Amino acid sequence: VTFDLAVVGGGVAGWTAARRAQGLGLDVVVLEKSASPPGWGNGRLSAGMFHAAYLSPTRRPDEIYRAIMAKTDGHSREDVAQAWAQNCGRAFDFLQAEGGEFGRWGPEEYMSSVLLPFKPIELGQPWKGGGPDRLLTNMWRRFVDAGGTFRPEQPALELCLNAGAVVGVLTKRPGRGRELVSARAVLLADGGFQGNAEMVSRYITPAYKLRGADTDTGDGIRMGLAVGARVINMPWFYGHCLVKDALVNDRLWPQPSPQHVIEASVLVDSTGRRITDEGLGNQRNADAIAKSTTPGGCWVVFDDDVWRSVGKDGEIPLNPTILNEGGTVLTGSNVRELSQMAGLPAAALEETIATYNQHCRHGVSITPKRTGRALPIDRQPLYAIPLIAGITFTMGGLLINGNAEVVDQHDRPIPGLYAAGGTMGGLQGGPRSGYSGGWSEAATFGMLAAESVATRSRSPSRGV
Ligand SMILES: Cc1cc2nc3c(=O)[nH]c(=O)nc-3n(C[C@H](O)[C@H](O)[C@H](O)COP(=O)(O)OP(=O)(O)OC[C@H]3O[C@@H](n4cnc5c(N)ncnc54)[C@H](O)[C@@H]3O)c2cc1C
């Protein structure tokens with residue numbers, strides 16, 4: 001059997017592509033690494049907010065295009081950004097036609113289209129039965145009912161080439177050897193490399209907490225590179241700050257977030273010096289921790305006023321959740337005592353806090369610059385909580401063009417090879433980690449990949 005399209009990965013991009021391709025009359029196989037349908041990726045764990053660079057997907061394409069170009073400081077490739085902006089509204093409609101129900105979750109625009117039922121706000125990873133889980137399961141069922149071939153527990157291992165064109169993918173069946181799945185086109189939709197500590201260490205940071213599914217291990221990027229593709233925007237990720245105890249206690253991620261407290265106080269590395277402008281938000285603070293000289297040794301330091309006020313902010317507040325969960329909260333009557341407990345250099349931390357307090361009280365300028373709500377650190381006891389960067393997904397990947405085709409070193413499409421979602425690169429990233437929305441990226445390029453394959457397979461010049 002030679003399939004029209006082999007989809008690698010049963011996630012948001014994979015199921016969107018598979019269902020769209022099926023609707024266009026293509027014979028499709030979906031290879032999925034995990035055992036149970038529809039797959040085990042970030043899509044099922046997600047909150048399911050469908051937005052386009054924080055705008056509603058129903059906004060005009062030119063507004064959406066400008067938003068991603070601004071957020072990525074131009075690191076979005078123009079053709080990729082244009083294709084996404086022009087088509088993410090259509091991808092949103094497609095998901096609704098596939099049974100996705102969306103509702104408003106909050107006043108902000110990026111919360112205007114969230115998959116129902118909303119993911120409950122509680123400790124741990126309450127994903128089962130939530131809107132994203134339901135929609136992806138629904139798409140898998142429709143695919144199989146319509147005659148599609150779904151192969152769970154069959155990871156894609158390697159791409160197969162013939163005369164420079166991708167003609168299939170090697171997989172491994174449980175209990176059997178390697179097997180070639182022949183296909184006229186292959187879509188790599190295996191969700192990025194955040195689950196691969198070696199790759200994350202090479203491109204981003206040696207110390208982090210995976211804030212997503214462990215199956216997305218950069219297999220597609222590795223396979224693409226092996227056939228001449230190139231990568232782009234690899235140092236950037238979408239993520240949040242987490243308390244370091246999340247490394248050993250799964251109830252401490254994705255909530256509670258230490259972010260409110262960080263934004264009101266100081267974030268230091270193991271030299272006792274501030275590493276960023278804490279007022280720039282969760283994503284930027286997580287990036288600063290990951291790229292600090294001691295990504296496994298960063299702390300937030302604050303006082304009792306902050307703990308009793310800002311510490312109570314958020315749906316699952318840091319105070320008292322972290323204490324109830326047995327997490328680390330150091331308390332000391334002065335900076336010296338706190339430094340000793342945290343193993344931080346006392347003189348440096350004292351200086352950091354003294355200059356920071358000068359800034360809070362008298363507006364003295366400090367480095368790094370400080371914006372946002374900075375509250376002085378003086379009311380005893382003082383507190384320190386160890387932090388770690390939580391990486392939800394990586395933004396870089398195989399460079400594609402506006403048709404979701406993977407391109408080579410000379411920007412020429414590699415015949416038969418496509419990428420979408422976390423595996424692709426060219427839309428998200430930049431020094432401020434410009435974020436498009438994971439669902440809008442994955443669904444849009446999954447859909448575009450299916451349409452490109454259908455168009456090419458109908459073209460007489462291709463002889464297919
Ligand atoms: C906690 C959390 C909250 C989030 N909230 C939001 C949100 O509200 N809005 C938003 O836009 N985005 C959100 N995201 C991000 C979003 O979920 C992802 O960007 C999106 O799922 C990416 O889709 P994907 O198809 O590329 O990858 P995934 O959905 O991760 O799917 C990849 C699939 O590929 C499979 N796979 C991996 N390797 C192989 C292989 N070698 N062979 C075969 N199969 C393989 C995996 O098992 C998996 O099933 C969130 C993510 C998390 C973790």
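In this predicted model, Leu-267 has Val-300 of strand E15 as its bridge partner, and strands E14 and E15 pair in the antiparallel sense over three bridges. E15 also pairs with E17, again in the antiparallel sense, over six bridges, with Asp-303 standing opposite Leu-382 in E17.

**Strand E15 and helix H9**
- E15 (298-303) is mostly covered, six of its six residues being buried.
- Both faces of the strand are covered, with Cys-298, Val-300 and Phe-302 buried on one side and Trp-299, Val-301 and Asp-303 buried on the other.
- Helix H9, which runs over residues 282-290, is mostly covered as well, since eight of its nine residues are buried; among them are Asn-282, Gln-283, Asp-287 and Ile-289.
- The buried residues of H9 pack against strands E13 (237-243), E14 (266-268), E15 (298-303) and E17 (382-394), and also against helix H8 (259-263).

**Helix H1**
- The 12 residues of helix H1 (residues 12-23) should span 16 Å at 1.5 Å a residue, and this agrees with the 17 Å that separates its end C-alpha atoms.
- H1 is mostly covered, with 10 of its 12 residues buried, including Val-12, Trp-15, Arg-19 and Gln-22.
- The helix is followed by Gly-25, whose phi is positive, near 90°.

**Salt bridges**
- The count of salt bridges in the model comes to 32.
- Glu-198 and Arg-202 meet through their side chains in a salt bridge of 3.0 Å, N to O; because they are four residues apart in helix H6 (residues 197-203), about one helical turn separates them.
- Glu-198 counts as partly exposed, its relative accessibility being 48%.
- The side chains of Arg-230 and Asp-411 form a salt bridge at 2.9 Å, N to O, and this pair links distant parts of the chain, 181 residues apart, with Arg-230 in the loop between helix H7 and strand E12 and Asp-411 in the loop between strands E19 and E20.
- Arg-230 is partly exposed at 25% relative accessibility, and Asp-411 is partly exposed with a relative accessible area of 34%.
- Glu-350 and Arg-336 meet in a salt bridge of 3.0 Å, N to O; Glu-350 lies in helix H13 and Arg-336 in helix H12, so the pair ties together parts that are 14 residues apart in sequence.
- Glu-350 counts as partly exposed at 32% relative accessibility, and Arg-336 is partly exposed with a relative accessible area of 38%.
- A network of salt bridges links Arg-59, Arg-60, Asp-62, Glu-63, Arg-66 and Glu-109.

Notes:
Residues numbered from 1 in each chain as written. Predicted model: local features only at pLDDT ≥ 70, side-chain atom pairs only at ≥ 80, totals over all residues. Heavy atoms only, no water. Buried < 20%, exposed > 50% of the residue type's maximum accessible area, 1.4 Å probe, protein only. Helix = DSSP H or I, 4+ residues; strand = E, 2+ residues; numbered from the N terminus. Contact = heavy atoms within 4.5 Å. Expected span 1.5 Å × (residues − 1). Pairing = 2+ DSSP bridges. Salt bridge = Lys/Arg side-chain N within 4 Å of Asp/Glu carboxyl O.
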